[in-house]
Every structure is written in structure tokens, then in C-alpha cells.
Amino acid sequence: MLAACAGYSTNYPPAPAAAATQDYNYIVGPGDTLNIIVWRNPELSMSVPVRPDGKVSTPLVDELVAQGKTSMEIARDVEKALSKLVRDPVVTIIVTSFVGPYSEQIRVVGEAAKPQALPYKQKMTLLDVMIAVGGLTDFADGNGASITRASEGDKRYSVRLKDLIKRGDISANVEMKPGDILIIPQGWF
């Protein structure tokens with residue numbers, strides 16, 4: 001009976017401490033804002049949102065797919081579209097607000113104070129995620145939590161949130177990957 005109070009043990013392996021890759025490039029998604037700068041053409045330079053359909057519109061370029069591309073790929077696409085009307089356009093794209101594509105967002109479900117989807121940032125850790133969602137509820141089984149890692153075919157790993165947050169055990173902190181889902185179950189009592 002006392003074992004039920006402590007929560008339950010998961011059958012998942014512990015999450016690896018290091019997960020980030022050095023060659024990560026941010027991928028633009030719906031809700032991001034792009035600052036488009038066309039050198040020597042200030043009338044074509046502007047800040048535009050990426051629409052829910054993943055496209056952007058600018059002067060002289062009606063619709064351009066931005067979702068799923070890096071800022072450099074979008075810049076080359078804008079240059080190609082403008083080259084029909086402007087001689088030798090030089091375009092720079094700066095992402096100024098970050099949401100990212102759904103496939104790369106970190107989702108937190110269950111007994112978090114504020115369950116939500118968060119934009120992935122390189123070297124983001126479990127502690128960063130828990131700070132963003134406001135910690136655990138009083139009913140959370142923190143050490144029964146798990147991460148489902150989409151980049152590894154939905155492989156599940158156990159994580160020790162209670163040890164990390166309540167006890168300050170920094171060894172329980174692990175790096176997140178784009179598309180991870182953090183599942184925080186409810187404890188027995």
C-alpha cells in the first residue's frame with residue numbers, strides 16, 4: 001500500500017542527458033514573424049507574419065511558402081521571385097518572433113501547472129521546459145513522467161521531474177529534442 005503513495009515505476013529507460021545536435025538549423029513555422037530586408041530597395045523591405053497556411057506575402061511576391069524552410073532558403077526564394085522585376089536582388093531574412101513548425105514544438109501534457117506547446121530552442125533542457133510551464137501541480141507524479149521522442153520513432157524515456165524540481169537534483173536534467181512530448185501523469189494521492 002505504501003508503494004502506491006510514492007507513485008509508480010515506468011518501464012522506460014532513463015532519458016539520455018545529452019540530446020542536442022550541433023548542426024541544428026531553425027525551421028520557420030506558422031506564427032513566426034519574418035523581417036525581410038531587400039538591399040537598396042527599402043520599399044520592398046518589411047516585417048511579415050507567416051500565415052497559418054505556412055505562406056508569406058510581400059510586395060511583388062504574392063505568395064511564397066515559408067513553412068519548413070530555414071531563413072536562408074526563404075531569402076533565396078524571395079531573391080528568385082524578385083529577380084524577374086528587380087535587378088540582382090540581395091535579400092536577408094531575419095526571424096524576429098519564434099513559434100516554429102508543430103513538428104518541432106515541445107509539448108507538455110498532464111499535470112503541469114500550465115500545459116502547453118513551446119517553441120524548441122537549441123540546448124533546451126527539461127528544467128527550461130518546467131520553468132516555462134510553471135512547474136508541477138500538487139497531484140503530479142513527477143518521477144513517473146516520461147518523454148516521447150518523435151525523432152527516434154516515438155521512443156519513450158523516463159524522467160525524474162520531482163527529483164529535479166523539488167529536490168534540486170541537477171543530474172535529473174536532460175536535453176530536449178525538437179518534437180519531444182513531456183507526459184506528466186497524476187499520482188495516486
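Because the model is predicted, local features need pLDDT of at least 70 and side-chain atom pairs count only at pLDDT 80 or more, while totals for chains, interfaces and linings use all residues. Residues are numbered from 1 along each chain as its sequence is written, and side-chain values use heavy atoms, with hydrogens and water left out.

Confidence comes first. The average pLDDT (the predictor's confidence in each residue, from 0 to 100) is 92 for the protein, and 94% of the residues score at least 70. Where pLDDT is low, the predicted coordinates should not be read in detail.

Next comes the sheet. Helices (H or I, at least four residues) and strands (E, at least two) are DSSP runs, numbered from the N terminus, and two strands pair if DSSP finds at least two bridges between them. An open sheet is built from 3 strands in the order β2-β1-β5, with antiparallel pairing. Its edges are β2 (46-49) and β5 (91-97), each pairing on one side only. From one strand to the next, the twist averages 25°. Strand β1 (residues 33-38) pairs with β2 over 4 bridges, in the antiparallel sense, and isoleucine 36 has methionine 46 in β2 as its bridge partner. Lying across β1 and β5 is helix α2 (residues 71-82), which runs at about 135° to β5. For such angles, axes are lines fitted to C-alpha atoms, for helices over the stretch in contact, and values run from 0 to 180 degrees between N-to-C directions.

As for aromatic pairs, the structure holds 2. Rings of Phe, Tyr and Trp (its six-membered ring) pair if their centres lie within 6.5 Å; planes under 30 degrees apart count as stacked, over 60 as edge-to-face and the rest as tilted. Tyrosine 24 and tyrosine 120 form an edge-to-face pair, at 5.0 Å centre to centre and 75° between the planes. Tyrosine 24 sits in the loop between α1 (2-5) and β1, and tyrosine 120 in the loop between β7 (116-118) and α3 (126-132), so this pair ties together parts that are 96 residues apart in sequence. Tyrosine 24 is buried (under 20% relative accessible area, with exposed over 50% and partly exposed in between; 1.4 Å probe, protein chains only) at 18%, and tyrosine 120 is buried at 6%. The rings of tyrosine 26 and phenylalanine 98 have centres 5.1 Å apart and planes at 85°, so that pair is edge-to-face. Here tyrosine 26 comes from the loop between α1 and β1 and phenylalanine 98 from the loop between β5 and β6 (106-110), 72 residues apart. Phenylalanine 98 is partly exposed, at 46% relative accessibility.

Proline 30 is found in the loop between α1 and β1 and is buried at 10% relative accessibility. Leaving aside residues up to four places away in sequence, proline 30 touches several residues, including Val50, Gln67 and Val99. Aspartate 180 is placed in the loop between α4 (161-165) and β10 (181-184), buried at 0% relative accessibility. A polar atom of the aspartate 180 side chain lies 2.9 Å from the backbone nitrogen of lysine 177.

Conventions: Contact = heavy atoms within 4.5 Å. Polar contact = N/O pair within 3.5 Å; in protein donor to acceptor, adjacent residues only side chain to side chain.
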